[in-house]
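Please examine the sequence and the structure shown below. The paragraphs that follow begin with charged side chains and then turn to the chain as a whole.

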Amino acid sequence: MRRTRLNGSTFPAVMGLLLLTACGTEQRGPEASGTATPPACGPGSNPSASAGVPTASGAPDQDGVTIIGTGGGADSGSSARPCVAYTLTNRETQPFTYVVTVGFRSESGQALGNVEDTVETVAPGRTVRRTVTASDLPPDAVGKTTAKIVKVRGFPTAEAPSAGGTCPPTGVRVYADDGDAAMGLRVVGLHLENCGTRPYRLDGYPRIEIRDEDHDRVAGVSIVQGGEAIAAGTGADGPPRPIELRPGERAHAGLVWRNTVEGSVDGPVNAPYARVWAKPGADPVTVIPELDLGTTGRLGVGPWKKDEE
């Protein structure tokens, strides 16, 4: 499955990220195939007739995602916020978890905000139906609203990152934060929590494998140890030291790169995914740091460091 370039995970998308909520339930089987009547996704709304509801825009099918219904809206005669119903089909050969970003714009084209919806564990070949609601649009967001699928990201459910909830069978949670960007320098933190019942030992650097939109390995990029190889003062520097995490304790490491673009035959590298092995023998976890590496050809990886209390 070819995926669009997600850049709203780590760094805000062009449309700007607002705190929006997703709602709705997952449905499988023929009802979710998109052949049924698209549902109204707001109380009192009529997706086919209301003048103030969102209207679908952009490609009708994007990476297995199709908008099938809209509702709500400031001018729809209802207090409901604009919402969008969509279907998602897993075209992979194993269960996948997805992050779908829906963008809302005013009739004039002004960006109003994005909503990210996480769809967990979709079986191969199955279709699910979801609804997302723009529940925190600006007060002046009135009139007709358009909606489109901005980006779709997916990863094997077996490699899903975990920042909370039930402790994975491995006994550790691994995930990436939203990162920081300034003057072309990018820094994304990797985090590991021992949520198990036994001590967890680390000694060195996480192993990183860069993957493109199709989850293929990206060649031509050097993984260098130490963030100082890219820039000083990022916190991803210093020598590796053995650490032991007791249950409940955490550690962190950093990914550092620049997005400088200069003359290059191959062009800039944009790779959304990184597979992370916390240490030799650990199970991989796929995170979405949105690696816009430009033409630099390097990614710096800092050593694991124990979080201070």
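A search of the whole structure finds 14 salt bridges, a salt bridge being a side-chain nitrogen of Lys or Arg within 4 Å of a carboxyl oxygen of Asp or Glu. The model is a predicted one, in which local features need pLDDT of at least 70 and side-chain atom pairs count only at pLDDT 80 or more, while totals for chains, interfaces and linings use all residues. Residues are numbered from 1 along each chain as its sequence is written, and side-chain values use heavy atoms, with hydrogens and water left out.

One of these salt bridges joins the side chains of R201 and E244, at 2.9 Å from N to O. Because R201 lies in strand 12 (residues 200-203) and E244 in strand 15 (residues 242-245), the pair ties together parts that are 43 residues apart in sequence. Strands here are DSSP runs (E, at least two residues), as helices are (H or I, at least four), and they are numbered from the N terminus. E244 is partly exposed, with a relative accessible area of 35%; the term covers values between buried, under 20%, and exposed, over 50% (1.4 Å probe, protein chains only).

A further salt bridge is formed by the side chains of E209 and R275, at 3.8 Å from N to O. This pair links distant parts of the chain, with E209 in strand 13 (residues 207-211) and R275 in strand 18 (residues 273-277), 66 residues apart. E209 counts as buried at 6% relative accessibility, and R275 is buried at a relative accessible area of 17%. Both residues belong to a network of salt bridges that links E159, R207, E209, R211, R217 and R275. Elsewhere, R246 forms a salt bridge with E249, their closest N and O atoms being 2.9 Å apart. E249 counts as buried, at 9% relative accessibility.

How many helices and strands does the protein chain contain? There are zero helices and 22 strands. Nine of the 12 residues of strand 8 (residues 145-156) are buried, so this strand is largely enclosed by the rest of the structure. Strand 5 (residues 96-106) runs antiparallel to strand 8 and is joined to it by 11 bridges; two strands pair if DSSP finds at least two bridges between them. Within this pairing, F104 has A147 of strand 8 as its bridge partner.

For the protein chain of 309 residues, 48% of the residues count as buried. Among contacts (heavy atoms within 4.5 Å) between residues at least 6 apart in sequence, 73% join residues at least 24 apart.
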